[in-house]
Amino acid sequence: MKNFYWIDSFDGYPETMDEVIRTSLDVYNGLYATYTEALGYKFRLIHLEDMYIATGETPIVWHSEFGNILTQDGAAYVGLIHPDLQKERKQESLYRLIANSTNVRLLNYTAKFPMVCKDKFRGTDIARKLGLHALTTALLGAERSTRSQLDFAEQTVGSYPMFIRPRDLTSGLGKRTINDRAGLQKYIENPPFPGRLLIIQSCISIEAEYRVYLDRCEIVACRRREPLKEGELCATPDAILEGSRALAKHLETTYLCVDWLWTGSEFWFCEFETGGGFSELSEPHRSRVAAAFFRKLAA
């Protein structure tokens, strides 16, 4: 049986993420292992800290138990987002080495837009170019002065309140609602995760969030979640159906999740993921989405 390596770092997160990480580990070792082993792959959960990498005549991705995994037929998924910049940069280097391997299939690799999910600003720009309903988004972080950043945000995004977050983090890390100029200045000068570019958008009232799951350009499930409530499966609203398909076609992915915000009167594009999970879905939708997620293993 070939090995499937799920490689990520689960250390160095804020304590508020402890329960999320525990739940994720249970899902990986249980549900994900079941699906991969049904496709002929032994699931291996690998901690980033246990991997050693090198480039040379023969690239090396070394693990004490499995050796150089690049020399063996198999598959992998590499996490790309972490609050520790050093760990995150190691993830990126590891991702690139595996993506260029001839022996290991990289599950979350898209040839046209590799690592696109790390850049929420670029994702919004892609959505706007495809004609989707997306919020004006300012990118800040390397300008000459705080004052110039404040002025630019107010000129482009508009009035307060605003929504700010790091461009390349997820799971709520660093997300804030900003109510005035003083609050924006405080965030910019003392960000919760220093060294990262920031994106700023208008803060809109959200009645519900929708996640659309796609197998290539075919929608296989849609989930609606209201604030502070559990999500539930639903029919895909017509207003976001074609937009979700357009993104999947443009990105040329085998699997995609597209998130939308519903204000009660209109939908706004939020973000997309090439590795969004599916454990919260019920059957038969879970198995249909899992088949799309692990499609590269069956090819």
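Biologist: Is R216 buried, partly exposed or exposed, and what is its relative accessible area?

Modeller: In this predicted model, R216 belongs to the loop between β12 (208–215) and β13 (218–225). Buried means under 20% relative accessible area and exposed means over 50%, with partly exposed in between. R216 is therefore partly exposed, as its relative accessible area is 43%.

Biologist: What is the phi of R216?

Modeller: Most residues other than glycine have a negative phi. R216 is not a glycine, yet its phi is positive, at about 55°.

Biologist: Which loop holds E252, and what is the phi of this residue?

Modeller: E252 is placed in the loop between α6 (238–251) and β15 (255–262). With a relative accessibility of 55%, E252 counts as exposed. Although E252 is not a glycine, its phi is positive, at about 60°.

Biologist: Where does a cis peptide bond involve P161, and what is its omega?

Modeller: P161 lies in the loop between α4 (146–157) and β9 (162–166). The cis bond joins Y160 and P161, with an omega of about 5°.

Biologist: Which residue does a cis peptide bond join to P284?

Modeller: P284 is found in the loop between β16 (267–273) and α7 (285–293). The cis bond there has an omega of about 5°, and the residue joined to P284 is E283.

Biologist: Which residues make a nonpolar surface patch of about 330 Å²?

Modeller: One of them, Y52, lies in strand β3 (residues 51–54). Y52 is exposed because its relative accessible area of 55% is over 50%. The patch is made by Y52, I60 and W62.

Key
Residues numbered from 1 in each chain as written. Predicted model: local features only at pLDDT ≥ 70, side-chain atom pairs only at ≥ 80, totals over all residues. Heavy atoms only, no water. Patch = residues over 30% accessible without salt bridge, like charges linked within 9 Å, V, L, I, M, F, W, Y side chains within 5 Å. Areas by Shrake-Rupley, 256 points an atom, 1.4 Å probe, with all protein chains shown as cover. Salt bridge = Lys/Arg side-chain N within 4 Å of Asp/Glu carboxyl O. Helix = DSSP H or I, 4+ residues; strand = E, 2+ residues; numbered from the N terminus. Buried < 20%, exposed > 50% of the residue type's maximum accessible area, 1.4 Å probe, protein only.
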